[in-house]
Amino acid sequence: MTADLASITGIETPTRLLIGGQWSSGRSGTLPVVDPATEDVLTEVADASPEDGLEAVEAAAGALPAWSATPPRQRGECLRKAWELMVQRSEQLARLMVLENGKALRDARGEVLYAAEFFRWYAEEAVRIDGHLSVAPSGANRIMVLRQPVGVSYMITPWNFPAAMATRKIGPALAAGCTVVLKPAKETPLSALAVAQILAEAGVPDGVVNVLPTMKPGPLTQALLADPRVRKLSFTGSTEVGRMLLKQAADYVTNCSMELGGNAPFLVLDDADVDAAVDGAFLAKMRNGGEACTAANRFYVHEKVASEFSAKLTQRLAALKVGPGLEDGVDLGPLVNADTRSKVAELVDSATGAGARVLTGGQAPERAGYYYLPTVLDSVPAGAGILSEEIFGPVAPIVRFTDTDQAIALANNTEYGLVSYLYSGDLRRALQVAERLEAGMVGINRGVVSDPAAPFGGVKQSGLGREGAHEGLLEYTETKYIAVDW
Ligand code: NAD
């Protein structure tokens, strides 16, 4: 038996595919959505086949000429209206998100508002699509540069931020005049479908946004990339899958944006305000229960402040209430599924086997649901797998250092380069270190960097391109140069 979602969330949630403005059952049955807090099936959602995917591309391609010709102000107003509706419905959307993802209600509330902000920001950016004009060096003609919508955009999103990863792509795409086919993660299709429903209510025409949950992302994606009408692939997820998609897209030279994995170092220098660093570490580690690409994955703490830092961080994590995300006072919900929990447990066990000390947690509690206790590990030996792999769970491994140059080298010793965090009482020194950190983003004396108005993205194998800010809009435009003689 499945749950009565409407009575728990307060909204009717679509559970079918959205294709060309119609809710469709699709051609290949349904997929179960599981509540990670109970391991029970919440509901069944239509499971898109490659043929459903091609129908969605047909709808998106059909809607493209009119949408790209719609005045930018009008496109922006649809996004603005969608922001308003999301804010009005934020509590219901947050409850829905807790059910399918497991995160604590406080985190879900934060995400819904953050997700909605991408619609407000890109409502404002829709009217700022610029170009430029210059005189050719020869003086013979003018160089005119226009930006045009890239076209039908295929988006693949992960389960960890089920609404924000969708709005961070849909917002700029719609602002730029593109139409969209979105494939949410199979674990969390409900939030994406609810966002699509809001966009329709906000006046986005049929076919501009299509949504296809599926159990079989591989065949669906192959079919879509092979369709010459799909001109853009925007992916958020693991580096492993991103690499594979880049290879597939190479066959069609599809324009790609990639937001991939991270392995964020969190540096605490000897002159840091330790209480502020603990506050920042808590946010950088525990936001979303550690299931964030921006999650601090490795703490490099100067020997001088390391004992105080680890004791205070341990106190904070040990005090967290663990339980179902909708229960009162819960700080930390379950992980999203059994595989994620097994991976976290294996990384912790292997680190302790290599000599790391458990200051709190270090195990899964005995109860139904995919829980793992908040964990602090001290004196983690260099070379432990937990320092090189994305943990994606509530575990903070601490490594002590004495030499800043050595800490910077350790921080950079990874194929990832999404975000780094740094605490120091000396801003000049902090900025000098920030310039040397190989990351697309650096938080100085801050544990959170995400902001719809800031360019989010990574270097090295953490990705290609940026989301958010004006840069995020440009990912959905092509540059056209016109040589003019007048
Ligand atoms: P994942 O790569 O397993 O899945 C992401 C998406 O890709 C899902 O929708 C999934 O269905 C789809 N997918 C999987 N195999 C596919 C295939 N063969 N073809 C097409 N699509 C396929 O990642 P995940 O476990 O859902 O998410 C966690 C990962 O996402 C972490 O590595 C995290 O760092 C990363 N992430 C990055 C950012 C960022 O902005 N850089 C943000 C959030 C999450």
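Residues are numbered from 1 along each chain as its sequence is written, and side-chain values use heavy atoms, with hydrogens and water left out. In this predicted model, local features need pLDDT of at least 70 and side-chain atom pairs count only at pLDDT 80 or more, whereas totals for chains, interfaces and linings use all residues.

View 1. Glu-467 sits in the loop between strand S19 (463-464) and helix H16 (469-474); helices (H or I, at least four residues) and strands (E, at least two) are DSSP runs, numbered from the N terminus. With a relative accessible area of 5%, Glu-467 is buried (under 20% relative accessible area, 1.4 Å probe, protein chains only). Its side chain makes a polar contact with the side chain of Lys-169 (2.7 Å); such a contact is a pair of N or O atoms within 3.5 Å, and within protein one must be able to donate a hydrogen and the other to accept it, while residues adjacent in sequence count only if both atoms are side-chain atoms. Leaving aside residues up to four places away in sequence, Glu-467 touches residues including Tyr-122, Arg-168, Glu-259 and Phe-456 (heavy atoms within 4.5 Å).

**View 2. The largest pocket.** This pocket has a volume of about 1000 Å³ and is lined by 37 residues, of which Pro-158, Trp-159, Gly-237, Ser-238 and Val-241 lie nearest its centre. Two or more lining residues come from each of helix H8 (217-226), strand S10 (230-236), helix H9 (239-250) and helix H12 (338-353). H9 gives the most, with six residues. A pocket is an open set of points on a 1 Å grid over the protein atoms alone, where a 1.4 Å probe fits, with protein on both sides within 12 Å along at least five of seven lines; lining residues have an atom within 4 Å of a point. The volume is the space filled by probe spheres set on the points, which are joined across faces, edges and corners.

**View 3. The second largest pocket.** The volume here is about 260 Å³. Residues lining this pocket include Arg-106, Asp-107, Phe-161, Met-286 and Asp-331. Helix H5 (105-125) and helix H10 (274-286) each supply at least two lining residues, and H5 gives the most, with four. The second largest pocket lies between domain 1 (5-261 + 462-484) and domain 2 (264-415 + 419-451), because both give residues to its lining; the domain bounds come from an automatic or database domain assignment.

Definitions and conventions. Buried < 20%, exposed > 50% of the residue type's maximum accessible area, 1.4 Å probe, protein only.
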